[in-house]
Structures are given as C-alpha cells and as structure tokens.
Amino acid sequence: MTVVDSSACLPDADVAVVATSSMLDVVAETVAPLLERGINVVSICEELAYPHVSHPRLARQLDELARQNGVTLLGTGANPGIIMDTLPLLLSSMTQQAHRVVIRRSADMSRYGAILEKFGLGLTPEQFGLAQRRGAVIGHVGFEQSVAALGSGLGWRLDEIEVDDVRPVRITDRARHGRHRSLEAGTVSAVRHAARGLIADRVVIDLEINFGFFEPGDDIAPGDRCRIEGVDQNIEVVATAGYESHLSTVAVTANVVTAVAEAPPGLRSMAELPVVSFASRGAWTNVDQRGQP
C-alpha cells in the first residue's frame with residue numbers, strides 16, 4: 001500500500017472511492033481535484049448523498065465541475081444511500097399513491113471505533129451533555145439528505161425537514177465490549193436520533209434510529225422496519241436481525257463503482273441509477289445458460 005499526502009500523487013484511475021469525512025465541505029477538498037483529473041468519484045460522505053437542500057451552492061459547484069470534466073460524482077452508503085431513501089422509493093411502487101413513510105432502525109455500533117465519539121457512546125450522562133453542548137456529540141449525519149431524497153423521489157414538496165438532537169436512551173449497568181472499544185458501567189450504551197419531513201404541519205416522512213451496543217433483554221426493539229402507507233395498501237418490510245451497517249456500506253460502495261463509471265456526467269444520487277446497475281454481482285457473474293459456473 002502506498003500512502004500519499006496529495007491527490008495529485010495518486011495514479012490515474014477510472015474511479016476513486018473517498019471515505020474520509022461525513023461533512024461535505026471537508027470532502028469537497030478531496031473530491032474536486034479528482035474530478036478535475038477526469039476521475040469518477042464514489043464517496044460515503046453522508047452529506048453528499050443528496051446535498052441539494054443542505055448544501056445547494058456546493059452541490060451546484062461540484063455538479064458543474066463533474067460535467068465539465070465528463071465524470072460522475074456519487075454519495076452513497078447503507079444510510080444514506082439505500083435503507084432510508086432508495087429502498088423505500090422502490091417499495092413505494094407497490095402502492096398507487098403513497099402518503100406516509102415510517103422507518104425504524106436499530107444499528108449495532110459494536111464493530112466501530114473512533115466514530116463512536118460523535119454518538120456519545122461510552123460517556124457518562126454528564127459527559128454526554130457537556131460534549132453535546134460543545135458540538136462533539138452530533139449523532140447520525142445524513143437525516144436531512146435521506147428525507148430530502150425520499151421526498152423528492154416521491155414527488156413531495158416538503159415544507160420543512162426537522163432533525164432532533166440525539167439523546168441517550170440506555171445507561172449500561174455493566175461493561176459492554178465491542179471489536180475496538182468497551183463501554184464501562186454507568187455510561188451511555190444506546191442513543192436515539194430522529195428526523196421527519198412535513199407537509200402542511202403533517203409528518204409524511206418519519207425516521208428514527210437507535211445506535212448502540214445491544215444485548216438480549218434490552219428494552220430497544222431490534223431490527224429494521226420500513227412501512228409505506230398508501231391509499232390502496234400498506235407495504236411493510238421487517239428485517240428482524242437488522243441490516244449490518246458496516247458490511248452494508250462496504251457492499252453498496254463496491255457495487256456502485258461500475259454504475260458510476262457508466263453513468264452520465266454530473267453529481268448523481270442513488271435514485272438516478274438503474275437498480276440493475278448496482279445489484280450485487282458477486283458470486284454468479286461467470287455462468288453458462290444453465291446457471292452452471
């Protein structure tokens with residue numbers, strides 16, 4: 001592996017994957033030089049997944065830069081990217097008129113390390129409050145992008161997008177151990193973060209995620225649930241074990257690489273890509289007509 005201190009030192013490539021920050025203004029400093037070199041870019045920056053509402057000026061600049069250089073820029077991941085935006089858009093096709101979307105998730109954070117700090121996991125309640133007031137505890141980045149992308153895809157003109165402050169929902173009474181970090185007794189082991197999109201003071205998009213180190217017996221519902229409420233029927237998908245965020249993000253990022261290289265130039269969102277273009281092609285790509293490898 002070669003480590004360089006500037007994107008100018010990187011070799012030529014068809015596609016670059018940028019996985020550095022959740023914040024678009026930070027990632028743009030890395031992305032822009034790559035676009036100028038004619039390299040397509042995939043990034044797991046949450047704010048890049050659908051930045052037109054949260055960062056309209058920067059989104060326009062990056063879109064113009066990508067078009068000028070004939071390349072494509074995409075922000076993606078498990079969430080934002082699939083779980084709270086592209087997946088519900090796909091499910092909504094089974095009702096003739098969707099009028100509300102409700103999604104509940106429980107994300108296991110025990111595989112993560114440094115990222116736990118922005119959720120306040122492992123802090124005492126007092127430490128959590130202090131860290132939140134100084135801006136160190138921010139919770140999930142990407143709610144605004146998921147709500148905006150989903151609303152746009154459904155053709156809804158949202159009047160407002162609300163994002164709550166992240167809050168502790170469980171203080172562990174014994175140590176809990178993850179792959180890279182342990183949470184001591186008396187510290188926050190789970191937090192809840194929520195957001196919503198409104199039309200005429202009515203909540204039409206209702207999103208909520210629990211993040212934590214979970215154990216059997218916790219009073220937090222496991223798994224992921226997506227419900228599309230329609231005029232003719234309701235569509236509900238329940239993943240009782242939940243979607244594994246870390247593995248899902250890696251998979252989505254890998255699966256969109258070819259799609260991004262082949263997409264029209266400009267800043268794109270997942271909803272603009274054909275579903276088949278980022279479907280998993282891992283195990284059975286070289287088969288004969290009988291399905292034999």
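Pro80 lies in the loop between strand 3 and helix 3. The model is predicted. In this model a cis peptide bond joins Asn79 to Pro80, with omega at about 0°. Asn79 belongs to the loop between strand 3 (72-75) and helix 3 (86-91). The relative accessible area of Asn79 is 12%. Buried means under 20%, so Asn79 falls in that class. Residues up to four places away in sequence aside, Asn79 touches Glu46, Met84, Arg105, His140, Ser146 and Ile209. Asn79 was also set against Ile44, 35 residues away along the chain. Their C-alpha atoms are separated by 9.2 Å.

The overall fold was examined next. The protein chain holds six helices and 13 strands. Its radius of gyration is 20 Å, close to the 19 Å that the globule rule gives for 293 residues, so the chain is as compact as a globular protein of that length. Along the principal axes, the C-alpha atoms fill a box of roughly 55 × 55 × 50 Å. Buried residues make up 44% of the 293 in the protein chain. The accessible surface of the chain is about 14900 Å². Carbon and sulfur atoms account for 50% of that surface.

Contacts in the chain were sorted by sequence separation. Among those between residues at least 6 apart, 72% join residues at least 24 apart. Charges were treated as two sets. The protein chain carries 26 positive and 36 negative charges. The mean positions of the two sets are 3 Å apart.

Aromatic rings were then considered. A pair of aromatic rings is described by the distance of the centres and the angle of the planes. The count for this model comes to one aromatic pair. The rings are those of Phe119 and Phe211, with centres 4.5 Å apart. Their planes stand at 35°, so the pair is tilted. Phe119 and Phe211 are both buried.

Ala98 is part of strand 4. Its relative accessible area is 15%. The limit for buried is under 20%, so Ala98 counts as buried. Beyond neighbours within four places in sequence, Ala98 is in contact with Ser92, Leu154, Trp156, Ile228, Glu229 and Gly230. Ala98 and Val231 are 133 residues apart in sequence. In space, their C-alpha atoms are 6.5 Å apart.

Helix 4 contains Ala131. This residue is buried, at 4% relative accessible area. With neighbours within four places in sequence left out, the contacts of Ala131 are Leu123, Ala136 and Val137. Ala131 and Leu24 are 107 residues apart in sequence. From C-alpha to C-alpha, Ala131 and Leu24 are 22 Å apart in space.

Phi of Ala200 is near 50°, a positive value in a residue other than glycine. Asp201 occupies the loop between strand 9 and strand 10 as well. Asp201 is not a glycine, yet its phi is positive, at about 65°. Exposed means over 50% relative accessible area. Ala200 reaches 60% and is therefore exposed. Asp201, at 74% relative accessibility, counts as exposed.

His177 belongs to strand 7 (residues 176-177). It is exposed, with a relative accessible area of 60%. Apart from residues up to four places away in sequence, His177 touches Ser182 and Phe213. His177 and Phe213 are 36 residues apart along the chain. The separation of their C-alpha atoms is 7.9 Å.

Key
Residues numbered from 1 in each chain as written. Predicted model: local features only at pLDDT ≥ 70, side-chain atom pairs only at ≥ 80, totals over all residues. Heavy atoms only, no water. Helix = DSSP H or I, 4+ residues; strand = E, 2+ residues; numbered from the N terminus. Rg over C-alpha atoms; globule rule 2.2 N^0.38 Å. Buried < 20%, exposed > 50% of the residue type's maximum accessible area, 1.4 Å probe, protein only. Contact = heavy atoms within 4.5 Å. Areas by Shrake-Rupley, 256 points an atom, 1.4 Å probe, with all protein chains shown as cover. Lys, Arg positive; Asp, Glu negative; His and termini not counted. Charge placed at Lys NZ, Arg CZ, Asp CG, Glu CD. Phe/Tyr/Trp six-rings, centres within 6.5 Å; stacked < 30°, edge-to-face > 60°.
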